[in-house]
Amino acid sequence: VATPAASVGHHGPVVRPTLAPDLRAELEEVLGPRGLVTDPDVVAVHTVDWTGRFRGSSPALVRPASTGEVAGVIEVCRRHGVSVVPQGGNTGLVGGSVPMGGEVVLALGRIDDIGPVSGLDGQVTVGAGATLGALAAVAREHGLRPPVDLAARETATLGGMVATNAGGLHVVRYGPMRHHLAGYEAVTGTGAVLSHLTGLVKDNTGYDLGGLLCGSEGTLGVLTRVRVRLLPDPAARAVGLVGFEALDAAVAAVAAWRRSLEGLEAAEIVLRDGVELVLATSGDRDPFDRPWPVYVLVEVAGDDDPAPAFADALAATDGLGDAVVTSEPGPRARLWAIREEHTTAINALGAPHKLDVTLPLDAFAAFCVEVPRLVTSVVPEARTWLFGHVGDGNVHVNVTGLAPDDDRVDEAVLELVAGAGGSISAEHGIGRAKRRWLHLNRTPAEIAAFVAIKRALDPDGILNPGVLL
Ligand code: FAD
Ligand code: MLT
Ligand code: ZN
């Protein structure tokens, strides 16, 4: 049995756990020579999360190449009482994808096949370890695209995106990952393979187990394949960066555009300090000749040029300061970079505490004004960075200048969110980072139901212990 890691918690002394010889032999038998990695330097790469805030340790990285091998690994680990952390691209932002208790890391990267795209309904079955970028490339050949897009597209996997019910940049129009899941295959904590990849639109034959696995953060099953619906890729796009003097005017404008702009594909908010940070990092030029306190990045798409309708909507917008609009691919990408580069630019300041929350739209602007004050009232030297998916009421509260395991700001902010009727996790999940505060959004009866479901599918609690529950 693996010895427990000494680095449970955020930053501890690094003690490398080792695999017991009989466990090693059984895993080798299931996985073959390429599937079991114990080189500590290779394993270490998989024990730190994307932000650098969560640093764990593990005796081994297992890299199964098929659903059967995943089932074999789970069966062996269960028998030995060893827990497992499923890992896709390790771009998760709530500490759910790394072994904080000395677990074995089960990486899905070798199960990355992308099946044929169905010409009739645009569905495709994808190995859980395939990246979003790889799926997008295949979809493009068919004039289609994946239904969810996010800045970590070259690394995030379809398995991870289903496991977190990823949101991303186009939820305002298409909804999150769950809305596009047409089938799944997964191995539960007992080693049982559940498979329902029919892709039938109408299929009322009992519990929606795919829907349950979606957003379960690796706690109920290891997804090995998912069937997703691809979407038509509109022929024309326009992107605008719109400057506002005030947050409430920006929120009101987005609400108006949602009603008036049929092809609204994205409505993303960034603030002046974040834009300055990104531009300073990239060296790119400010698209405006003066600063605006608040910016909304808008994307509109359609088969016909959406720019005229977009221009009409902008002309009718109250409180708008200035706008830069373009239909050209290069300039569009440069405007998007101002928004997408926030995550990397903030991370470069030191591992942030990432609080991804949703507010009711009528509380959004007041929350964004209040939260930096609240943060400095708790930790005066901390700094707050806000950006996010304003079209969904989703703001990413990033706080730098905090010790990794200092949770005081997290608690204060999440309590403020819940008090305002919001969600403490809009799209990243609960993971380890927010587990202590699940009760702010879920009743004791709901959490008891979660525990009962967990026990049914993972009776020994070997799948991602300490995540979510
Ligand atoms: P991982 O990080 O490896 O894992 C995430 C969770 O899913 C863990 O709990 C893990 O155990 C579990 N898991 C992974 N694979 C499986 C599997 N096959 N079976 C069962 N459980 C599994 N997220 C958004 O929602 N919207 C965004 O806009 C967004 N933008 C991002 C931008 C950047 C730059 C970065 C770094 C991250 C961003 N994220 C965003 C977060 C992250 O990309 C998503 O949560 C993504 O879905 C994680 O995919 P992954 O393959 O990296 O999963
Ligand atoms: C985003 O919207 O860019 C992501 O959710 C990543 C982040 O929150 O940093
Ligand atoms: Zn986001």
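Predicted model: local features only at pLDDT ≥ 70, side-chain atom pairs only at ≥ 80, totals over all residues.
Local features are reported only at pLDDT of at least 70 and side-chain atom pairs only at pLDDT 80 or more, whereas totals for chains, interfaces and linings use all residues. Residues are numbered from 1 along each chain as its sequence is written, chains are lettered from A and ligands numbered from 1 in the order in which they are written, and side-chain values use heavy atoms, with hydrogens and water left out.

An open sheet is formed by four strands in the order β5-β9-β7-β8, with antiparallel pairing. From one strand to the next, the twist averages 15 degrees. Helices (H or I, at least four residues) and strands (E, at least two) are DSSP runs numbered from the N terminus, and two strands are taken to pair if DSSP finds at least two bridges between them. Strand β7 (residues 181-188) is joined to the antiparallel strand β9 (residues 221-229) by seven bridges, and G183 has R227 as its bridge partner in β9.

The zinc ion (ligand 3) is coordinated by H389 (NE2), H396 (NE2) and E427 (OE) at 1.9 to 2.1 Å, where donors are N, O and S atoms within 2.8 Å of the metal (3.2 Å for Na, K and Ca) and sites may look incomplete, water not being among the atoms. Along the chain, these donors follow the spacing H-x6-H-x30-E. Since H396 belongs to strand β17 (residues 394-400) and E427 to the loop between α14 (408-419) and α15 (444-457), the pair ties together parts that are 31 residues apart in sequence.

For K354, the corresponding distance from a polar side-chain atom to an oxygen atom of ligand 2 is 2.9 Å.

Around ligand 1 there are 36 residues, of which P86, G88, T91, G92 and T157 come nearest, a residue being counted if one of its heavy atoms lies within 4 Å. A backbone N or O atom of G88 is 2.7 Å from an oxygen atom of ligand 1, while a polar backbone atom of G167 is 2.9 Å from an oxygen atom of ligand 1.

Conventions: Axes fitted to C-alpha atoms, helices over the stretch in contact; angles between N-to-C directions. Polar contact = N/O pair within 3.5 Å; in protein donor to acceptor, adjacent residues only side chain to side chain.
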